[in-house]
Amino acid sequence: MMTANAAAGPIRITEVGPRDGLQHEPRTVATEHKVAFINALSRTGVAEIEVGAFVSPARVPQLADSEEVCRKIERAPAVVYSALVPNERGLERARSVGLTKIAVFTAASDAFTRRNINATIDESMRRFQPVVAGARRDGIAVRGYVSTAFVCPYEGVIPASNVLDVVERLLDLGVEEISLGDTIGKAAPPDVRRVLERVLPRLDRRRLSLHFHDTYGLAIANALTAWFEYGITAFDASAGGLGGCPFAPGAAGNVATEDLVHALKASGAEIRVDERQVVSAAKGLLPHLGRALASRVSQAVESRPSGDA
């Protein structure tokens with residue numbers, strides 16, 4: 001097993017609620033409420049906020065207003081604002097609203113990419129080549145998402161060698177940062193170890209983020225394993241536990257930002273995010289979601305007596 005100092009550095013949170021969270025909600029949240037949500041998240045201490053996606057409105061109607069959202073949000077100097085981009089047209093739209101970072105997305109499973117983006121892994125790589133090249137030319141940073149990096153709803157457990165192959169191909173394209181996703185939330189700590197043991201010898205851990213869903217309640221355990229045993233300090237999370245994946249049957253919400261932050265702080269990690277402010281930001285959406293938040297911290301804050309520290 002690889003080992004890492006628990007003091008590997010400050011934790012960096014990419015808040016994906018406005019994109020990965022809201023794209024899975026049955027109700028479409030109005031633009032002004034998305035803007036208020038993002039503005040509130042900008043004050044929580046997260047390093048990055050994924051504000052939307054420049055994808056087909058027919059496939060993800062919940063994010064059809066991403067350009068308008070980007071134009072209306074108040075951008076905090078210390079926060080990176082990014083969006084999902086599937087093609088050159090998407091890059092053009094991201095550039096037009098002044099984003100300095102984009103994300104392209106593929107998977108470690110061909111069956112999943114066919115259902116998610118109607119392409120094989122090979123086809124997705126060819127599609128991304130001009131997008132990544134154009135972004136780098138314009139000084140726009142590029143993240144590469146690898147979905148189903150642990151388990152696929154159609155192919156089952158994914159070999160770590162398949163994950164490494166996709167990671168290396170993305171790096172060869174010029175992607176600067178990789179996010180490995182447990183898309184259906186079925187990974188356990190042994191799966192995290194299995195994949196990281198294979199990937200980390202070929203990828204600087206500072207270029208890696210982990211994206212856990214909490215379908216089976218193991219997201220926190222997986223994150224703590226990655227941080228404590230391997231020194232991973234970058235994680236994706238969604239305020240209130242919003243989200244899932246519309247193309248992955250059974251995928252529940254992302255790990256809640258406030259729950260992940262609380263668990264990492266309690267375990268001794270250095271992290272500057274204020275989980276109470278995250279809860280407050282997510283609660284602002286409640287009238288527009290028609291359901292309660294899924295996170296444990298939000299429930300604890302709600303039930304705590306007034307004045308209890």
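Strand 10 (residues 234-237) sends Ala 234 and Asp 236 one way and Phe 235 and Ala 237 the other way, and all of them are buried. Buried here means under 20% relative accessible area, exposed over 50% and partly exposed in between, with a 1.4 Å probe and protein chains only. In a regular strand the side chains alternate between the two faces of the sheet. Strands, like helices, are DSSP runs numbered from the N terminus: E of at least two residues for strands, H or I of at least four for helices.

This is a predicted model, in which local features need pLDDT of at least 70 and side-chain atom pairs count only at pLDDT 80 or more, while totals for chains, interfaces and linings use all residues. Residues are numbered from 1 along each chain as its sequence is written, and side-chain values use heavy atoms, leaving out hydrogens and water.

| Strands | Sense | Bridges |
|---|---|---|
| Strand 1 (residues 12-15) and strand 10 | parallel | four bridges |
| Strand 9 (residues 208-212) and strand 10 | parallel | two bridges |
| Strand 1 and strand 2 (residues 48-53) | parallel | two bridges |

Within strand 10, Phe 235 stands opposite Ile 13, and Asp 236 stands opposite His 211. From strand 9 the chain crosses through helix 9 (residues 219-230) to strand 10, a right-handed β-α-β crossover. Right-handed means that, with the strands pointing away from the viewer, the path from the first strand over the helix to the second runs clockwise. Thr 14 has Glu 48 in strand 2 as its bridge partner.

Eight strands form a closed barrel in the order 1-2-3-4-5-8-9-10, with parallel pairing. Neighbouring strands of this sheet are turned by 25 degrees against each other on average, direction ignored. Helix 6 (residues 121-137) packs on the sheet and touches strand 4 and strand 5, its direction making about 170 degrees with that of strand 4. Such angles run from 0 to 180 degrees between N-to-C directions of axes fitted to C-alpha atoms, for helices over the stretch in contact.

Thr 106 lies in strand 4 (residues 101-107) and counts as buried because its relative accessibility is 2%. Leaving aside residues up to four places away in sequence, Thr 106 touches residues including Ile 121, Met 125, Phe 128, Tyr 145 and Leu 170. Contact means heavy atoms within 4.5 Å.

Thr 148 lies in the loop between strand 5 (141-147) and strand 6 (151-152). Although not a glycine, Thr 148 has a positive phi of about 45 degrees. Thr 148 counts as buried because its relative accessibility is 0%.

Note on methods:
Two strands pair if DSSP finds at least two bridges between them.
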